[in-house]
Amino acid sequence: MIAFVCGVVFAAGLALSGMLRPEKVIGFLDVFGRWDPSLAFVMGPAVGIYALAAWRRPRAPEKPLDVRLFAGAAIFGIGWGLTGICPGPAIVNLAAPNGYFLAFAVALVAGVALSLAARPRVR
C-alpha cells in the first residue's frame, strides 16, 4: 500500500509539473532555442533533496566508470532529448495511452531486452 501511495504522489507531481507533456520537457532541454526554464523549479529541489540524502548516507564501494555507463547515459539522454519522455512519465502516461506513448513503451522494452542480450553472461 505504501508503494502504491508513493506512486500516486509521484504521478501527481509529474502531472502538476508538466513533465508528462513531451513538449514541456523538450522546451526545458532546448537551452539554445526556445528555452522554458520552468522545469528547473521541479528538478532543482529534487536534485537538492537527493544531494542531502546522498550526503548523509554511508558510502558504498565505488564502481568504476566504464564504457557501458557512459553509453547508457548517452542513449538515455539522446532518447529523452528527442522524445521528451523518460521512463517515469512514460509509465504514468500509460494510464491513458496513445500511439506516441505506446511506441515509446515498445522502444523501452526493446532497449532493455537488447541490453540484457548484450550483457556478458556471469557464471
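Colleague: Why is Asp-36 called partly exposed?

Modeller: Asp-36 has a relative accessibility of 23%. Buried means under 20%, and exposed means over 50%. The value lies in between, so Asp-36 counts as partly exposed. Note that this is a predicted model.

Colleague: What makes the contact of Asp-36 and Lys-24 a salt bridge?

Modeller: Their side chains meet at 3.2 Å, N to O. The cut-off is within 4 Å, so the pair qualifies. Side chains of opposite charge can pair when their charged atoms come close.

Colleague: Which parts does the pair tie together?

Modeller: Asp-36 lies in the loop between α2 and α3 (40–56), while Lys-24 is in helix α2. The pair therefore ties together parts that are 12 residues apart in sequence.

Colleague: How do you know whether Lys-24 is buried or exposed?

Modeller: Lys-24 has a relative accessible area of 16%. That is under 20%, so Lys-24 is buried.

Colleague: How many salt bridges does the structure hold?

Modeller: The structure holds 2. One of them joins Glu-23 to Arg-21.

Colleague: What makes Glu-23 and Arg-21 a salt bridge?

Modeller: The closest N and O atoms are 3.3 Å apart. That is within 4 Å, so the pair counts.

Colleague: How do you know what span to expect of helix α6?

Modeller: Helix α6 covers residues 99–118, which is 20 residues. At 1.5 Å a residue, 28 Å is expected. From first C-alpha to last, α6 reaches 28 Å, close to that expected span.

Colleague: Which residues of α6 are buried?

Modeller: Phe-101, Phe-104 and Ala-105 are buried. They cover an arc of only 100° around the axis, which puts them on the same side of α6.

Colleague: What covers the buried residues of α6?

Modeller: The cover includes α2 (22–29), α4 (67–83) and α5 (87–93). The face turned away from the buried side carries exposed residues, among them Gly-99, Val-106 and Leu-114.

Colleague: Why is Met-1 called exposed?

Modeller: Met-1 has a relative accessible area of 76%. That is over 50%, so Met-1 is exposed. Met-1 is found in the segment before α1 (2–17).

Colleague: Which residues make the nonpolar surface patch?

Modeller: Met-1, Phe-4, Val-5, Val-8 and Val-9 make this patch of about 550 Å².

Technical notes:
Residues numbered from 1 in each chain as written. Predicted model: local features only at pLDDT ≥ 70, side-chain atom pairs only at ≥ 80, totals over all residues. Heavy atoms only, no water. Helix = DSSP H or I, 4+ residues; strand = E, 2+ residues; numbered from the N terminus. Expected span 1.5 Å × (residues − 1). Buried < 20%, exposed > 50% of the residue type's maximum accessible area, 1.4 Å probe, protein only. Arc of directions from axis to C-beta. Contact = heavy atoms within 4.5 Å. Patch = residues over 30% accessible without salt bridge, like charges linked within 9 Å, V, L, I, M, F, W, Y side chains within 5 Å. Areas by Shrake-Rupley, 256 points an atom, 1.4 Å probe, with all protein chains shown as cover.
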